[in-house]
Amino acid sequence: MKAQAKSLLPILVALALLAAVPLVTTSNVVLNFLVFALLIALVGQGWNLLGGYGGQHSFGHAAFFGTGAYVTAILQVRYGVNAWPAFALGIFAGAAVGAVIGALAFRSGLRGSYFALVTLAFAEVLRIVASVAPITGAGVGTLVKLDLRWQALQFQSRVPFYLIILALVAVSLVLVRVVERTRFGAWLVAVRENEDAARALGVDTTLVKIGAMMLSAAITAAGGCFYAQYYLFIDAGIAYGPWISIEALLAPIVGGVGTVFGPLLGALVVKSLGEATKLLAGDAPGLDLVIYGSVLVLVVAFAPRGIAGLLADLRRWGRRAPAGALAEADHA
Amino acid sequence: MPEPLLRVDTVSKRFGGLLAVDRASFDAPAGRITALIGPNGAGKTTLFAIIAGFLRPSAGRVRYDGADITGLPPHRLARRGIARTFQIVQPFAGLTVAENIAVGAHLHHASRARALAAAAAVARTVDLDGELAKPAAALTVAGRKRLELARALAIEPKLLLLDEVLAGLNPSEVRDMVPVIRAIAARGVTIVMIEHVMQAVMSLAGHVFVLAEGRVIAEGAPQRIAADPRVVEAYLGHGAAQRMMGAAR
């Protein structure tokens, strides 16, 4: 129990710091930036659970993000469902899509790049279907009616939105930390490290991977639900577009795959870089993608364990005797 | 006479034009150490993969613990008590030794603390308890072989399939490992071992089956097998046995 509490402490500290931001500033620019960064952290945490812990690198998490967004929006607009249950149903729908894609991909034994390609294909199919199907508003998209009341999960101020996305990120952090310490988590990591060895030790690898995909999809779908509620507009390109699949994998890879804080760190760093680029270069289209690409190459080449890995190394050096630490750092 | 714990009954495995296992049959009685020997490419590892559920036989049946287990997937067989080690060790390289063993221990222990405690206990039986916190990737060859063994033991098997756990070890490491395997058998675990280190086969196995070109060509007590002309021929080529006899005369 004690170990459990201790492992949650860093999460509480990080959340407390982030929760204090609205006390310092209520600037819409700052909050807008943080809301979007936290949204990416949430979506990335979903990817991280499957890709970072399970080693199944999806290139199509847009499938879950978009499903969450569309279900939340369509239930409200076309069926008059209240925003709160619509939000919850969006998460369930995302999980269901995860289970279906997972079952199809994993039962047919797809691994590695084949799995990545199949997930990308599913997301693209959903995007194309959403861009022509009447229920999604086809090319026009879906607009959620403005109704600035908490009952409708809409707010005049950015602060409540900020706290909601922070709460969702909090849940995802705790969830992943808990998974790390369960049998399911141990089996999931075993699947990542060596699938045959895991099978020989009694791990039903297909079931573990499908379970991870469902959880992963649910977390990412929550991001989609939030997106629909925050921006009140989605179309096929936003909901199922490859942009979100890329954001979902970029944040954890930059931050540190298979670590609890990787997606949050990565999202904050990547989004800060993106903003800095905009300040320096104006709104030149595609420039942020150039930056993302460069960062990704640098991280994969020089820090394969991401920022979290770098921090862990730094801490280890810090613990050693100061003399000689620099010399060793040069060798490492 | 009771049915043996494991009965491989005229099993064949064909890969395209290659008949890797050709109507092989053997029994492994409960509580004993049975050895499977034979030249490289004889089909021993393929046979292990079939028993452990990693491959489906093209023909024949595998019976275990009174039931037909042919074609069941590996994780189901592991739950029934069949553990295997891999000839080419397959550690979870990114995990510590303790976490590696705990993956196996989780089969019977849901809680992480219990699984880690069970892992520590298993590590003691193979003399790995000093290295629990090390990353698996940092182990020596001998250490990795022990880890392979420890992980398999962690699922509390009734039948342990050891695929060349002594290969790649130096003579003193082999001498250290032999009592470890004997102690596992003494606890009532039935062992089938593929092994090239004849010194170990002689001292450990009660019964030896010789596989060559996918077929069981001889069986018997280890001392008798070593003198069997068919076995000598399988290893050294046609006519070798005769020449050796001639030289002896």
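Student: Which residue is the bridge partner of Ala212(B) in S10(B)?

Tutor: This is a predicted model. In it, Ala212(B) has Arg215(B) of S10(B) as its bridge partner.

Student: How many bridges join strand S9 of chain B to strand S10 of chain B?

Tutor: Five bridges link S9 (residues 207-212) of chain B with S10 (residues 215-220) of chain B, and the two strands run antiparallel. Together S9(B) and S10(B) form a hairpin, with two residues between them. In the turn, Glu213(B) has a positive phi of about 50 degrees.

Student: Now the helices. At what angle do the axes of H3 and H13 of chain A cross?

Tutor: H3 (residues 28-53) and H13 (residues 262-281) of chain A cross at roughly 135 degrees, and their axes come within 8 Å. That angle makes H3(A) oblique to H13(A). The crossing is right-handed. Among the residues making the contact are Phe33(A), Phe36(A) and Ile40(A) of H3(A), and Leu264(A), Leu268(A) and Lys271(A) of H13(A). By class, the contact residues of H3(A) and H13(A) are nine nonpolar, six polar and two charged.

Student: How are H8(A) and H10(A) placed relative to each other?

Tutor: H8 (residues 183-193) and H10 (residues 205-231) of chain A pack at about 110 degrees, their axes 10 Å apart. Angles of 65 to 115 degrees count as roughly perpendicular, so H8(A) and H10(A) are roughly perpendicular to each other. Their contact includes Trp187(A) and Leu188(A) of H8(A), and Val208(A) and Lys209(A) of H10(A). The contact of H8(A) with H10(A) has six nonpolar, two polar and one charged residues.

Conventions:
Residues numbered from 1 in each chain as written. Chains lettered and ligands numbered in written order. Predicted model: local features only at pLDDT ≥ 70, side-chain atom pairs only at ≥ 80, totals over all residues. Pairing = 2+ DSSP bridges. Helix = DSSP H or I, 4+ residues; strand = E, 2+ residues; numbered from the N terminus. Axes fitted to C-alpha atoms, helices over the stretch in contact; angles between N-to-C directions. Parallel < 35°, antiparallel > 145°, perpendicular 65-115°, else oblique. Left-handed = near helix turned anticlockwise from the far one by under 90°. Contact = placed C-beta atoms within 7 Å. Nonpolar A, V, L, I, M, F, W, Y, C, P; charged D, E, K, R; others polar.
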